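Dear colleague,

My notes on the findings follow it.

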Amino acid sequence: MHPTELIELMIVSGIFIVILFVSFVFKGKRRKFVQRLAIFFLFAFGIFYFARPYWIDNQIEKKIEYVQEHLEERYPEETWSYKKVPHREAGYKHLNPYYIGVIFEAEPEVEYQYFARNKDDIIQVGYSIKNALQSDLLHLE
């Protein structure tokens, strides 16, 4: 389990316990209402926890489309491939899944990282070089 997930679970558990303790202050219908609120809170977090990876996948696909349009406009003669972070696999949780890796055919040794906030706000946030001897980068923005 990743530390971020552990922190999330601790926070949700703390809030759940506080809501349950508050329910013991009340009596009758109010107690039942607060206990139902606690169960609803737990249920809502469960849905959020299990639906979030699918939401991230959907957002990544949108961002790839934005980057695709940006690159077609900026480099019309080039071809490229994408590299996504496998955020569902162990060992990749520390990487930002919203960074889109682009490898141009003209520069197969360099992977450029792009981040798209929306269709009009796309920035190149970095690059990585496999061959340390390569110094001139053709697609550096």
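In these notes, contact means heavy atoms within 4.5 Å. The model is predicted, so local features need pLDDT of at least 70 and side-chain atom pairs count only at pLDDT 80 or more, while totals for chains, interfaces and linings use all residues. Residues are numbered from 1 along each chain as its sequence is written, and side-chain values use heavy atoms, with hydrogens and water left out.

**Tyr 66 and its surroundings**

Tyr 66 lies in helix α2; helices (H or I, at least four residues) and strands (E, at least two) are DSSP runs, numbered from the N terminus. Leaving out residues up to four places away in sequence, Tyr 66 touches Ala 116, Asn 118, Lys 119 and Ile 122. Tyr 66 and Ala 116 are 50 residues apart along the chain, and their C-alpha atoms are separated by 6.8 Å. With 23% relative accessibility, Tyr 66 counts as partly exposed. Here buried means under 20% relative accessible area, exposed over 50%, and partly exposed in between (1.4 Å probe, protein chains only).

**Salt bridges**

A salt bridge is a side-chain nitrogen of Lys or Arg within 4 Å of a carboxyl oxygen of Asp or Glu. The search of the whole structure finds five of these salt bridges. One of them joins Lys 84 and Glu 61, whose closest N and O atoms are 3.0 Å apart. Lys 84 belongs to the loop between β1 (80–83) and β2 (100–104) and Glu 61 to helix α2 (residues 29–74), so this pair ties together parts that are 23 residues apart in sequence. Both partners are partly exposed, Lys 84 at 43% relative accessibility and Glu 61 at 38%.

Glu 69 and Lys 119 also meet in a salt bridge, at 3.7 Å from N to O. This pair links distant parts of the chain, 50 residues apart: Glu 69 is in helix α2, and Lys 119 is in the loop between β3 (110–118) and β4 (121–129). Glu 69 is partly exposed, at 37% relative accessible area. A further salt bridge connects Asp 121 with Arg 117, with the closest N and O atoms 3.7 Å apart. Asp 121 is partly exposed as well, at 29%.

**The nonpolar core**

A nonpolar core is a set of buried Ala, Val, Leu, Ile, Met, Phe, Trp, Tyr and Cys residues joined through side-chain atoms within 4.5 Å. The largest one has 16 residues, and those with the most contacts inside it are Val 67, Leu 71, Val 102, Phe 104 and Tyr 114. Two or more residues of this core come from each of α2, β2 and β3. The largest share, five residues, is given by α2.

Phe 104 is buried, with a relative accessible area of 0%. Neighbours within four places in sequence aside, Phe 104 is in contact with Leu 71, Tyr 75, Glu 78, Thr 79, Trp 80, Tyr 112, Tyr 114 and His 139.

**Aromatic pairs**

Rings of Phe, Tyr and Trp (its six-membered ring) pair if their centres lie within 6.5 Å; planes under 30 degrees apart count as stacked, over 60 as edge-to-face and the rest as tilted. Eight aromatic pairs are found in the whole structure. In one of them, the ring centres of Phe 45 and Phe 48 are 6.4 Å apart and the planes stand at 40°, so the pair is tilted. Both residues lie in helix α2, three residues apart, about one turn of the helix. Phe 45 is buried, at 15% relative accessible area, whereas Phe 48 is partly exposed at 44%.

Trp 80 and Phe 104 form an edge-to-face pair, 6.0 Å centre to centre with 70° between the planes. Trp 80 in strand β1 and Phe 104 in strand β2 are 24 residues apart, so that pair links distant parts of the chain. Trp 80 is buried, at 18%. One aromatic cluster is formed by Tyr 75, Trp 80, Phe 104, Tyr 112 and Tyr 127.

**Gln 113**

Gln 113 is placed in strand β3 and is buried, with a relative accessible area of 19%. Not counting residues up to four places away in sequence, Gln 113 touches Tyr 99, Ile 100, Gly 101, Ile 123, Gln 124, Val 125, Gly 126 and Tyr 127.

With kind regards
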